[in-house]
Amino acid sequence: MKKLEEARRAYENTPIPEELSSRVEEGIRQGRGARQRRQRLRRRWLSAAACLTLLIAGLNMSPTVAQAAAEVPVIGGLFRVLTFVSYDKTEDDINYSVTVPEVDAESALAETVNKVIQEKVDQHLAKAQQDWEEYREAFFATGGTEEQWAGRQMDVIVDYEIKFQSDTEVSFVVTMAEGWVSSMEERTCYNLNLTENREITLKDLLGENWAEISTAAIQRQIDEEPQKYFTPEMGGFTAVDENTAFYIREDGVPVALFAEYEIAPGSTGFPEFPLA
Amino acid sequence: MQTPADTPLTTYLIAEQARFYRLAYSYLRQREDALDAVQSAVCRALERQDSLRNPELIRPWFYRILINTCLDVLRRRSRVVPLEDWAETGREDPPPPDEDLSRQVEALPPPVSTVIKLRFYEDLSLREISEATGSNVNTVKSRLYAGLKKLRISMEGEDIR
């Protein structure tokens, strides 16, 4: 037993790195976000399912309800963004939570956008399945047992959020995520003018000097908390160009959106900057 | 960054973080990997906190997450071709003092060394170890005895709880 106590002391002498506490805090923050996302999706799914049941019941019952229902989701009368497909299921240890939007309008742009979204979603689902297969194969190839595998699951999430809508314009963000050993998340912004059949640009919103205005706005916000971001030498933010992703906020202000790790360490998450 | 509001779970995770790191390091033997493992285990714990039904089992519950995370890293490592400069970057921290026995513990197969470490370094009961490893108490016992036998340690009649 004495030898074991010595071994324990040696173990307890493992040096503890200084950054441990900040890493634990990061983990807490990330875990909280992931949990909220799961809960939000579950709630949304449940309420969507409930609405659907009610609607179907209502449509079958009276012409008045049917009339009213047809008007509910209409945003401006010219178009609407609908949930094209929505499901929750578990298959082969993968939890799917998929809600795909579709723009419903008489416009070539809407058709293109829907096609692009659909393709992206299909790619995402295929890639998630492949990642999972590879992981499972490696797990068993390296001596993992069924007993150890039990309970391992992957989350695959597709969801969207409408940020802004007017009679003719809409801005929404589609999120695709994959969560298991590590997690990956990708957000894509869509800003559309359905009557003019084109994508809205920062120039439309901020005028000729859009690039300077937005670069300055972002730089100002980074300078307030520089420790949260990479420096330009480390691959951090330099300038806004036509590839910078943005969505339009409820009040009409464009908000630039960067991917995780694009201009800041993972602990900062997805940096967002209002450009006003 | 806002400071996280305290819940029993976050309080526990923050208070015991050094223990988590030591355990992760004992599996991975690399500073960065051990930090990553602790961070992802903490993240997963927060995400899946609803699966902790009995708050008294918080330790075995979290150790299970942490150990699974470490074993995943080891598994992935075993199929990654080592970098050319592995030798230079492989280890930043000095190895623990050259204690024969602690080395021998690490050399045991992971299921056995896990039991030894949780029992003697982390003071978990056999019941808690069975929770943490997802195997039944008898399996834990036999692994413990097998391990001690390999280490040539007699328990000198001492009773193992």
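## Strand β4 of chain A

Strand β4 of chain A spans residues 169–179. Ten of its eleven residues are buried, so β4(A) is largely enclosed by the rest of the structure. This picture comes from a predicted model.

β4(A) pairs with strand β3 of chain A, which covers residues 154–165. The pairing is antiparallel and runs over ten bridges. Together, β3(A) and β4(A) form a hairpin, with three residues between them.

## Chain A as a whole

Chain A has 276 residues, and 25% of them are buried. Its secondary structure comes to seven helices and nine strands.

Sequence separation gives another view of this chain. Take the contacts in chain A between residues at least 6 apart in sequence: 52% of them join residues at least 24 apart.

## Chain B as a whole

Chain B is built with nine helices and zero strands. Read along the sequence, its pattern is α-α-α-α-α-α-α-α-α.

Of the 161 residues in chain B, 39% are buried.

## Helices α8 and α9 of chain B

Two packed helices are described by the angle between their axes and the distance between the axes. Helix α8 of chain B covers residues 126–133, and helix α9 of chain B covers residues 137–150. Their axes come within 9 Å and cross at roughly 105°. α8(B) and α9(B) are therefore roughly perpendicular to each other.

Which residues make the contact? From α8(B) come L126(B), R127(B), I129(B), S130(B) and T133(B). From α9(B) come V137(B), V140(B) and K141(B). By type, the residues of this contact divide into four nonpolar, two polar and two charged.

## Where the chains meet

The contact between the chains takes 35 residues from chain A and 38 residues from chain B. Several helices of chain B each supply at least two residues to the side that touches chain A. They are α1 (8–15), α2 (17–28), α3 (31–47), α4 (58–77), α6 (100–107) and α7 (110–121).

Which helix gives the most to this side of chain B? It is α3(B), with eleven residues. The residues on the side of chain B that touches chain A divide into 19 nonpolar, eight polar and eleven charged.

Most residues other than glycine have a negative phi. Two residues here deserve a look on that score.

N197(A) is not a glycine, yet it has a positive phi of about 60°. N197(A) lies in the loop between β5 (183–193) and β6 (198–199) of chain A. Is N197(A) buried or partly exposed? With 13 other C-beta atoms within 10 Å, N197(A) is partly exposed, because a residue counts as buried only at 20 or more and as exposed at 12 or fewer.

R29(B) is another residue other than glycine with a positive phi, near 60°. R29(B) is found in the loop between α2 and α3 of chain B. R29(B) has 16 other C-beta atoms within 10 Å, so it is partly exposed.

Conventions. Residues are numbered from 1 along each chain as its sequence is written. Chains are lettered from A and ligands numbered from 1 in the order in which they are written. This is a predicted model: local features need pLDDT of at least 70, side-chain atom pairs count only at pLDDT 80 or more; totals for chains, interfaces and linings use all residues. Axes are lines fitted to C-alpha atoms, for helices over the stretch in contact, and angles run from 0 to 180 degrees between N-to-C directions. Helices (H or I, at least four residues) and strands (E, at least two) are DSSP runs, numbered from the N terminus. Angles under 35 degrees count as roughly parallel, over 145 as roughly antiparallel, 65 to 115 as roughly perpendicular and the rest as oblique. Two residues are in contact if their C-beta atoms, placed from the backbone, lie within 7 Å. Ala, Val, Leu, Ile, Met, Phe, Trp, Tyr, Cys and Pro count as nonpolar, Asp, Glu, Lys and Arg as charged, and the others, Gly among them, as polar. Two strands pair if DSSP finds at least two bridges between them.
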